[in-house]
Amino acid sequence: MIPYGRQEIDDADVAAVVQALRSDLITQGPIIPRFEAAIAARCEAAHGVAVSSGTAALHLACLAMDLGPGDRLWTSPISFVASANCALYCGAQVDFVDIDPVTRTMSVSALADKLMNAERTGELPRIVVPVHFAGLSCDMAAINVLAQRYGFRVLEDACHALGGSYRGRPVGSCLWSDAAVFSFHPVKGVTTGEGGMVVTNDSEVARRVTGLRSHGITRDRGGLEDPGQGPWYYEQQELGFNYRLTDLQAALGLSQLSRLADWVRRREALADRYDEAFAFLPLLLPKRPDRIDSAWHLYVVEVEEAKASQSRRSVFDELRAAGVGVNVHYIPIHTQPYYRRLGFRLGQFPAAEAYYQQAITLPLFPGLCQADQDYVVKSVTGLLR
Ligand SMILES: *Cc1c(COP(=O)(O)O)cnc(C)c1O
């Protein structure tokens, strides 16, 4: 089966991890700050704080922005469930903003309408989490204008978009947001096995995430409430977690990062080939808005069932049967049983639901060889021509 995504691990990665394994500190050592600085530099952001997963990064960034009971967080229904779950971890309420059917990211006009209504009813969100779906940045400048107008904070779920850019700036620059989070799961742009990071230009957010990832404990003498006690002394100042990354993982991530630009170029070249091969099929292809360069995390096509002789389901089943590891990203979060029990129902976010009915994710990863891609193209074309 040709998978839809796969990590690339080379000898330099293995050597970097082995070297870290043989060093004195295999966690809380010197490679973590180097990895953090490298990601922050890549993003042109001031701070990077490494954590154990993208989910942990979302959770801690929300806490650092004081999300709590009585607050609201809004995100996109077309995302991994973690984009919404982070609000519930904090005791806050979650709600969704429908997608733009063309870009498949949060619709700015739907956001503007929902904010106008929420202002009237006194139910404005504290945080909005735009999701850079499939690697394509949301319209951050437009979202930032709304953030200024309505006073919410913006947390970018950039888990798909490391290596992408928006208006000439790398995704994660946080020029139009308060913070961005990345995941280093094996299918993402760069992997550490499991891992994540919060990047931000807000030193207070960085300081709070740093404390919260390690139990809410500080040893920083300048920050102690009772500094006079002695060199052994540390203070737990709030309730945190163990959400740390290890140095083994940071060593892998740092080694991987040196190849990110090549990988994004390779993904883009593969996407170009898909675009060309599928131009005349009854498929909706990924959109390429001006001044946004996707990181091409996923290549999602939508089967236009009215025009095609096949249903999405039959295309999916036939491709799987042919050894093409297609997938569906994502089941709209609000339709998950857990979210239905919170009161969400089918019909609330029609663009997201319509997208879900026709979406199929095709294989796309840097190591996808031309012959395998040709096989995917031939299989898809054979079904839909
Ligand atoms: C992968 C992913 C996450 C969660 O990251 P983990 O590292 O798996 O916890 C969150 N949001 C999106 C959009 C993702 O793709």
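Strands are DSSP runs of E with at least two residues, numbered from the N terminus, and two of them pair if DSSP finds at least two bridges between them. The model toured here is predicted, so local features need pLDDT of at least 70, side-chain atom pairs count only at pLDDT 80 or more, and totals for chains, interfaces and linings use all residues. Residues are numbered from 1 along each chain as its sequence is written, and side-chain values use heavy atoms, with hydrogens and water left out.

**First stop: strand β8**

Please select residues 179-183, which form strand β8. Five of its five residues are buried (under 20% relative accessible area, with a 1.4 Å probe and protein chains only; exposed is over 50%, and partly exposed lies in between). In a regular strand, side chains alternate between the two faces of the sheet. Ala 179, Val 181 and Ser 183 point one way from β8, whereas Ala 180 and Phe 182 point the other way.

Which residue in β9 is the bridge partner of Phe 182? That partner is Met 197.

Now display β7, β6 and β13, which form an open sheet in the order β7-β6-β13 with antiparallel pairing. Its edge strands, β7 (169-170) and β13 (292-293), each pair on one side only.

Terms used: Helices (H or I, at least four residues) and strands (E, at least two) are DSSP runs, numbered from the N terminus.
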